[in-house]
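Hello,

Here is the structure we discussed. Please look it over first; my notes follow below.

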Amino acid sequence: IFCGSAALKAALIIQNWYRGYKARLKARQHYALTIFQSIEYADEQGQMQLSTFFSFMFENYAHVHKEELELRNQSLESEQDLRDRHDYVDLIDVPDSYNGPRLQFPLTCTDIDLLLEAFKEQQILHAHYVLEVLFETKKVLKQMPNFTHVQTSPSKELTICGDLHGKLDDLFMIFYKNGLPSESNPYVFNGDFVDRGKNSIEILIILCVSFLVYPNDLHLNRGNHEDFMMNLSSYLQLHGKRILQILEELYAWLPIGTIVDNEILVIHGGISETTDLNLLHRVERNKMKSVLIPPTETNRDNDTDSKHNKVGVTFNAHGRIKTNGSPSEHLPKHEWEQIIDILWSDPRGKNGCFPNTGRGGGCYFGPDVTSKILNKYQLKMLIRSHECKPEGYEICHDGKVVTIFSASNYYEEGSNRGAYIKLCSGTAPRFFQYQVTKATCFQPLRQRLYTMESSAIKILKERVISRKSDLTRAFQLQDHRKSGKLSLSQWAFCMENILGLNLPWRSLSSNLVNIDKNGNVEYMSSFQNIHIEKPVEEAHSTLVETLYRYRSDLEIIFNAIDTDHSGLISIEEFRAMWKLFSAHYHVLIDDSQVNKLANIMDLNKDGSIDFNEFLKAFYVVHRYEDLMKPGVTNLG
């Protein structure tokens, strides 16, 4: 009996230790994912804020380049010509030397197999075929309703996939586990096929070809990243303006949702307390070109005097500024907001509906809002995507809301699983998880977690150094004794107040700063071992930090005004746009600093600068290899 009791006690001790160990690992994973997600959402918030800047820019841009406002009438005829398929496709020949996949139209399942094998071998599909696929896809999409209605049966289950974000290996994994799309194996891909990952165009082409072969059995919903403005720079660099032009229209024609068995609503983001499905069935979805191009107010009196009549401005297919004389080219503001809500919103445990401050667009909706909307339209469940989940899926709101996310290892190797859902009428949803395995996945869990934590701390430090001047001022205001030290609470307050990432700074402090034996933070150690490389020594630190912090926003803005997509922008244009940007974003930097830096970056003194190269000149340098020491400093 004694031996048995000792063995039981030992087993309980080991069990408790293991449970504690697993709980600590889970907490560390949670902190790392929180960092990744907070920074991701902050970046999205910055992109959403660009929409207000574009409105501001359009109101002021006429004073800078009035001739641009004439482009609409001048280019109308040529735009119409460019929309013709032959002007896109037939002008690009496929040379005999091309040894990639050759598609045969009309497409068949053989072309799907051909494409998959080619992409597995990292072959590139010729632009001629890319354009032809996108044109044919757009033609079919234009005939589709805003919401696709799908029926399931025991012999025809429906598979729903969430965000893929350009991660081709995950799509291959889904097809390997679940089979290729077919008449007996239908799919819904619930948005965000593109952006962030390196194989966005490959995934888009595979899905479009599959859609063209099985238009009634493969369904594509629009996500918030199916937005040509959010992908402007990467598509221009990789694929040229012709593909960008057709993508703008294709994204706008994607359906905005799917309704399964008349009881399950499938949309990318979520809902709000004002979501009107009847209205969303009727909106002209193709007018929602980009979240970054908000609706403009039109003069109710139709006054033709330009001093009193606000003219809506947007981009033409070339990325140039154009005026929109007809308000019919835009969605009304309330319809635009309805689409923003279903593309950008997130569920939360708290009742009510309140602004989505994390992303800057859409709302947070509670269980009461879910019940209200589902009951109103006689629905039982909402399936959405939009958020990375550690297990690839999550169920909330008393089982009425399911989040599905299909990009495994989204933030870092080992950070999360991917998943998809199988639906069949009359049965509960079934979830299937996976994780694309690479070398690191065969490492011990503790080592994989360390890799993820190190990556999280690295990107967080880059965010910190981009606000060095602001943080230093905040620290010094709190440091009344000029000791170079603050309490942990004071340091955490400054970090959150300046960075606004809603992170557990106290828990993260051991990885970010030096703390003395009394528990006080040496606040300047927040910037140790990291700096932003200056393109030229003459550049002021504040200017360098500002350009680095806003580099993504500036890249979108300057690609948008680069009328010939040469990558070159005149110094005059640079100065004018910076003046608007700094005024709108309240950037307190002397214009002379910007002018001086622009002149220095005009290397050949021809009056133009390569702006993309200009932005790439600002990069963060980490002065050490081991951002974190395994077993010594861990998150949480």
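**Rings and charges**

F354 is partly exposed, with a relative accessible area of 26%. (Buried is under 20%, exposed over 50%, partly exposed in between, with a 1.4 Å probe and protein chains only.) This is a predicted model: local features need pLDDT of at least 70 and side-chain atom pairs pLDDT 80 or more, while totals for chains, interfaces and linings use all residues. Residues are numbered from 1 along each chain as its sequence is written, and side-chain values use heavy atoms, without hydrogens or water.

How many aromatic pairs does the structure hold? There are 15. (Phe, Tyr or Trp rings, the six-membered one for Trp, pair if their centres lie within 6.5 Å; planes under 30 degrees apart are stacked, over 60 edge-to-face, the rest tilted.) F354 and Y364 make one of them: the ring centres are 5.7 Å apart and the planes stand at 55 degrees, so this pair is tilted. F354 belongs to strand β10 (residues 353–355) and Y364 to strand β11 (residues 363–365), so the pair ties together parts ten residues apart in sequence. (Helices, H or I of at least four residues, and strands, E of at least two, are DSSP runs numbered from the N terminus.) Y364 counts as buried, at 10% relative accessibility.

F475 and Y523 form another tilted pair, at 5.2 Å centre to centre and 40 degrees between planes. This one links distant parts of the chain. F475 is in helix α13 (residues 468–478), and Y523 is in the loop between β19 (520–522) and β20 (530–533), 48 residues apart. Both F475 and Y523 are buried. Elsewhere, ring pairs join F36, F405, Y410 and Y411 into a cluster.

Two charges also sit over rings. K350 has its charged end over the ring of F354, 5.1 Å from the centre. R359 lies over the face of Y41, at 3.9 Å from the ring centre. (The test is NZ of Lys or CZ of Arg within 6 Å of the ring centre and within 35 degrees of the ring normal.)

**Sheets**

β10 and β11 belong to an open sheet of three strands, ordered β9-β11-β10 with mixed pairing. (Strands pair if DSSP finds at least two bridges between them.) β9 (346–347) and β10 are at the edges with a single partner strand each, so one side of each has no neighbour in the sheet. β10 and β11 run antiparallel over three bridges. F354 stands opposite Y364 here.

A second open sheet has five strands in the order β4-β3-β2-β15-β16, again mixed. Its edges are β4 (218–220) and β16 (430–434); each has a single partner strand, so one side of each is left without a neighbour. The twist averages 20 degrees from one strand to the next. (Axes are lines fitted to C-alpha atoms, for helices over the stretch in contact; angles run from 0 to 180 degrees between N-to-C directions.)

Is β15 mostly covered or uncovered? Covered: six of its six residues are buried. G418, Y420 and K422 lie on one side, and A419, I421 and L423 on the other. β15 (residues 418–423) runs antiparallel to β16 over five bridges. K422 has R430 as its bridge partner in β16, and A419 stands opposite Q433. The two strands form a hairpin with six residues between them, and G426 in the turn has a positive phi of about 90 degrees. β2 (residues 158–161) is joined to β15 by four bridges, also antiparallel. T159 stands opposite K422 there.

**Core and overall numbers**

The largest nonpolar core has 111 residues; L134 and F189 have the most contacts inside it. (A core is a set of buried Ala, Val, Leu, Ile, Met, Phe, Trp, Tyr and Cys joined through side-chain atoms within 4.5 Å.) Helix α7 gives the largest share, eleven residues. F189 touches, among others, C161, L164, F175 and L207. (Contact means heavy atoms within 4.5 Å.) A second, separate core of 42 residues includes I35, L503, L508 and F527.

The protein has 20 helices and 23 strands. Of its 636 residues, 54% count as buried. Among contacts with a separation of 6 or more, 74% are between residues 24 or more positions apart.

Best wishes

Technical notes: Lists of a residue's contacts leave out its neighbours within four places in sequence.
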